[in-house]
Amino acid sequence: MPCGSRGPSRAVLRGAVPAAVLGLRVLVLSAALGAGTVRVQPPPFPFWDPSLPWHRRLDDLLGRLSPAELVLQVARGGAMGNGPAPPIPRLGIAPYNWNTECLRGDGEAPGWATAFPQALGLAAAFSPELIYRVANATATEVRAKHNSFAAAGRYSDHTGLSCFSPVLNIMRHPLWGRNQETYGEDPFLSGELARSFVQGLQGQHPRYVKASAGCKHFSVHGGPENIPVSRLSFDAKVLERDWRMTFLPQFQACVRAGSYSFMCSYNRINGVPACANKKLLTDILRGEWGFDGYVVSDEGAVELIMLGHHYTHSFLETAIASVNAGCNLELSYGMRNNVFMHISQALAMGNITLQMLRDRVRPLFYTRMRLGEFDPPAMNPYSSLDLSVVQSPENRNLSLEAAVKSFVLLKNVRGTLPLRAQDLSGQHLAVVGPFADNPRVLFGDYAPVPEPQYIYTPRRGLEMLGANVSFTAGCSEPRCRRYSRAELVKVVGAADVVLVCLGTGVDVETEAKDRSDLSLPGHQLELLQDAVQAAAGRPVILLLFNAGPLDVSWAQAHDSVGAILACFFPAQATGLAIAKVLLGEAGASPAGRLPATWPAGMHQVPPMENYTMEGRTYRYYGQEAPLYPFGYGLSYTTFRYRDLVLSPPVLPICANLTVSVVLENTGLRDSEEVVQLYLRWEQSSVPVPRWQLVAFRRVAVLAGREAKLSFQVLAEQRAVWVQDWRLEPGTFTLFAGGQQPGQKTRAPSEVLSAQFSVTGTARPLRGC
């Protein structure tokens, strides 16, 4: 990986380091060297010398490692007994744990951490800037806790700095259990958010990385988990065009952002397991995209090449296939004699060369060098971060801001929302449902664990408004198998305003657990209908806590449900964010947009195991309208779009398009709006999406004011896959608005359109 790395966070410093910092260094080593031992010594070997360029240091380090030591470094990337990567005491090298989760906070690590909203909710904010800030705050806490762990000689799971985040799989199916971890169904949106996450997590220091990113699950991975078959043996059969135009673009954006690692997925791709797939890991990732980082397997994925897919017949054969395909690090679940431990035998047989093994180890140590492990701590500003930054007021406030920005207003009849604060004083507010006061169900999976004092359920948050709040769950848990109707009717009947909190949670959708249908779980729909009946015309507001789309067509169709707010899994600040949005406080007018389509019913849901894109996502949806489209969301104010200008209206084949549009807030409230630009091909030679998101921006506009916005649509965004990326001449339509064009369920603002033409002859994109 040294030399030629992309992105400002990966810049290679070639200048000499000031002599003042070359004297003493402090090394904290593991129990193998004496836990907590502090050694003060000058750099003993050239690889410890920070004045040397990275490649010289790596050459020196790798040249000192025996084959057995090299094998252990690639074989000990896993969980439990399989990690950490062992120390090398004779060289002063400490252990290192590669198994760290940073999806939206320091997940699963020992100790407290700030919990930001789940990834799909963050995507609904349509804000790369917000994603950057959340990722950077996450890295600050990960780094601070790592510093504390290392000082204590702790190298157990989730104590390292190399993150298995972000998740860039396309939300191609509404019932997939891991939809919540993704950024939704659009490859461009996912790619833009991935870029911000990677850069935010890794930081902007020219020499050091705060925490290293790892983009997963690579690739063509989006269900099933367990319905109708297991993810551990599934073969994703995908057309090359769909692979290139839907499942790969966001991962290429991750490479361009400078990510240090990728994680290969459990599944096969057209018969070849991802972690033994040379086309994927070498030809595309490294050859076409120029990636020079490391590839780590998903947990147990290398073993499953043999045990699940039966692609190989022994662990030796599996090691040969995986290493030669391009996998650097095996993440095994607790195994000691795991697959990569058989590399030694493959070396002896000549099936893996020693140079190949060194090449696989090289980016692992380069990553550790860029994290600062082999430089004096005084050189690295991140080494001074301590536990005082964990759960800081700034991070808690950011968690609240992120939750507010993630909410999507799906319905709001007759101005049900916002509520007026002055009207709530002395009123009775009923907060009901299994999500009303159960902290456990508000976080989603891979969640950090904050101190209980910082967790606000809907009930706790609404109790701060000054109203008289009454509560009943109706069901004790999200599956809602047992329902107490009498108590619900009693509480709702005495209320002036009713908030019904329904959804899924990890009991219903999560890793290894798909849903079987779109229905509200158990008796939840009955609970909602009983609440509406008992409210007898008083306002009923439905709050939804879910990732995969739900069938709430009854609530959408009945005006007795005055408003529906999609909250996703907002984590620790849930109740505070809900209170702010319900009142429409400053900065809390809803502006989120759905990052995925909500089907109108199971008749619109194709088979999970079929990987064609036909009929899936807004880009290839059928003719029948969904319940809620991708990019949809309402506001407390109104917007008007005008003066769409495309420049130039006639483009040479390789030129970019400049777009400007005026956005006016015509309502009475200050608010944000998500401006969306979509491109439609009018004369493509191959099948293409019906239209494609090509730009978006979340922008604040004061009531009665306007903003002129400019965008650039790159030539590569017009490219189509015809055995290669190709630009074609023809006519194109550009749409601009706060939503997709031509939707049945829509916001009141208009969508503008204009055409432009591209001249010249078709040519490969790489020829421009």
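1. A residue is called buried when its relative accessible area is under 20% and exposed when that value is over 50%. The model is a predicted one. Ser 660 has a relative accessibility of 11%, so this residue counts as buried.

2. Ser 660 belongs to strand β17, which covers residues 657-665. Beyond its neighbours within four places in sequence, Ser 660 is in contact with Asp 643, Leu 644 and Val 645, and also with Lys 708, Leu 709 and Ser 710.

3. The largest nonpolar core is made up of 119 residues. Those with the most contacts inside this core are Leu 201, Phe 218, Trp 243, Phe 262, Phe 340 and Ile 343. Helix α4 (residues 128-151) provides the largest share of this core, seven residues. There is also a second, separate core of 84 residues, and Leu 417, Cys 475, Leu 543 and Phe 545 are among them.

4. Take Trp 243 from the largest core. With residues up to four places away in sequence not counted, Trp 243 touches Ser 219, Val 220, Val 238, Leu 248, Pro 249, Ile 269, Lys 279, Leu 280 and Ile 284.

5. The largest pocket has a volume of about 1000 Å³, and 36 residues line this pocket. Phe 188, Pro 249, Arg 256, Glu 716 and Gln 717 lie nearest its centre. At least two lining residues come from each of α5 (187-202), α6 (240-247), α7 (249-257), β19 (692-701) and β20 (706-713).

6. What classes of residue make up the lining of the largest pocket? The lining has 20 nonpolar, ten charged and six polar residues.

Note on methods:
Residues are numbered from 1 along each chain as its sequence is written. This is a predicted model: local features need pLDDT of at least 70, side-chain atom pairs count only at pLDDT 80 or more; totals for chains, interfaces and linings use all residues. Side-chain values use heavy atoms; hydrogens and water are left out. A nonpolar core is a set of buried Ala, Val, Leu, Ile, Met, Phe, Trp, Tyr and Cys residues joined through side-chain atoms within 4.5 Å. Buried means under 20% relative accessible area, exposed over 50%, partly exposed in between (1.4 Å probe, protein chains only). Helices (H or I, at least four residues) and strands (E, at least two) are DSSP runs, numbered from the N terminus. Contact means heavy atoms within 4.5 Å. On a 1 Å grid over the protein atoms alone, a cavity is a set of points where a 1.4 Å probe fits but cannot get out, and a pocket is an open set with protein on both sides within 12 Å along at least five of seven lines; lining residues have an atom within 4 Å of a point. Grid points are joined across faces, edges and corners, and a volume is the space filled by probe spheres set on the points. Ala, Val, Leu, Ile, Met, Phe, Trp, Tyr, Cys and Pro count as nonpolar, Asp, Glu, Lys and Arg as charged, and the others, Gly among them, as polar.
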